[in-house]
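These are my notebook entries on a single protein chain. I wrote down each item as I looked it up.

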Amino acid sequence: TLALDLFTCGSASLLPLLPTIQDLFAIPMLQSEVMAHQQEEEATPPPRFRWLHKKRGFRTPPPVATAKEKDSTETSLTTAMSTALQGMPAELGHQSAEMEAYLLGWMGYPHKKLLANVQTPFQHVQIYQVSSTPLGLTDDASSSSSSSSSFWTSSSTHTNKLLYLDGVMRSSLQGLEAYHESLVQPALLRVPARPLRVAILGGGEGATLRQVLQHKAVQHVTMIEQDSELVSLAQQYLPEWNDCSFLIPDESQQESLNCFDDDRVDL
């Protein structure tokens, strides 16, 4: 076991260095140990890599609410948050609030992997894969190119994906269907007009579109999403959100259909 405690005195985040740290310090097994696993016909377990991220040092305290602000909970919370983040880089400010409390520094997700970290012209997109499953329990390495992450499997009930926009979680793999069904199905089921023409404002990850396309009565869908990079990132890292293979009866061709490629969709 090798434990590292890394810190920085500057404003830059250490999170982008995680892949480099893993490559340098996640030590693989000795050749003798590898041969022992091969003799037992067992898969060689990858190095185990766990991390937490927390901020240290002094923070700007939230302001004391005035009597007028106490009358408005929303105003008080907004003022406290804006003051606490004042003077901090936007990325670090967002991480110091929701992301640090419920993802980066939370022990409930001991295994975390940053899949995408992109600043688009409109927003900061971060996609994490998280798991509470102990490393080495699965042998399926198909979901990741990293040799140290064979436990990442979407079929695991303990594995999840999280989409953060500007530091706020917007969607997760667990609960994906229930959330988007409630957004789409009640409205479409009550519309008497047939065929249906549907407009979607936003929804760049494709999960809302996926629900709409389940209706054969839908003839045309116009989807308006200002952030084209978010759509591309969702197609690459969040295929579960925009997979419409279930619409193809022929199972031999089901792998080829992305919801954005449906003939009824105008993006």
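**Entry 1: Helix α8**

I began with what covers the buried residues of α8, and found that the cover includes β1 (111-119), β2 (124-131) and β3. I took contact to mean heavy atoms within 4.5 Å. Helices (H or I, at least four residues) and strands (E, at least two) are DSSP runs, numbered from the N terminus. The model is a predicted one, in which local features need pLDDT of at least 70 and side-chain atom pairs count only at pLDDT 80 or more, while totals for chains, interfaces and linings use all residues. Residues are numbered from 1 along each chain as its sequence is written, and side-chain values use heavy atoms, with hydrogens and water left out.

Which residues of α8 are buried? I noted Leu230, Val231, Leu233 and Ala234. Buried means under 20% relative accessible area, exposed over 50%, and partly exposed in between (1.4 Å probe, protein chains only). Seen down the axis of α8, the buried residues fall within an arc of 165 degrees, so they line one face of the helix; the arc is that of the directions from the helix axis to the C-beta atoms. On the face turned away from the buried side of α8, I found the exposed residues Ser228 and Gln236.

At the start of α8, I saw that a side-chain oxygen of Asp227 comes to within 3.2 Å of the backbone nitrogen of Glu229.

**Entry 2: Salt bridges**

I next looked up the salt bridges, each being a side-chain nitrogen of Lys or Arg within 4 Å of a carboxyl oxygen of Asp or Glu. How many are there by this rule? The count is three.

Lys161 is paired with Glu240, with 3.2 Å between the closest N and O atoms. This pair links distant parts of the chain, 79 residues apart: Lys161 is in strand β3 (residues 159-165), and Glu240 is in the loop between α8 (228-237) and β7 (265-266). Lys161 is buried, at a relative accessible area of 7%.

Glu177 is paired with Arg210, and their closest N and O atoms are 2.6 Å apart. I recorded Glu177 as partly exposed, with a relative accessible area of 32%, and Arg210 as buried, with 14%.

The side chains of Asp262 and Arg264 also form a salt bridge (3.1 Å, N to O). Asp262 is buried at 12% relative accessible area, and Arg264 counts as buried at 18%.

**Entry 3: The open sheet**

I then traced an open sheet of three strands, in the order β5-β6-β7, with parallel pairing. Two strands pair if DSSP finds at least two bridges between them. β5 (196-201) and β7 stand at the edges with a single partner strand each, so one side of each has no neighbour in the sheet. Between β5 and β6 (residues 218-224) I noted six bridges. Leu196 has Val218 as its bridge partner in β6.

**Entry 4: Nonpolar cores**

A nonpolar core is a set of buried Ala, Val, Leu, Ile, Met, Phe, Trp, Tyr and Cys residues joined through side-chain atoms within 4.5 Å. The largest has 18 residues, and those with the most contacts inside it are Val198, Ile200, Leu209, Val212, Leu213 and Val221. The elements giving two or more residues to this core are α6, β5, α7 and β6. A second, separate core has 14 residues, among them Ile127, Leu165, Ala207 and Leu230.

Technical notes: Polar contact = N/O pair within 3.5 Å; in protein donor to acceptor, adjacent residues only side chain to side chain.
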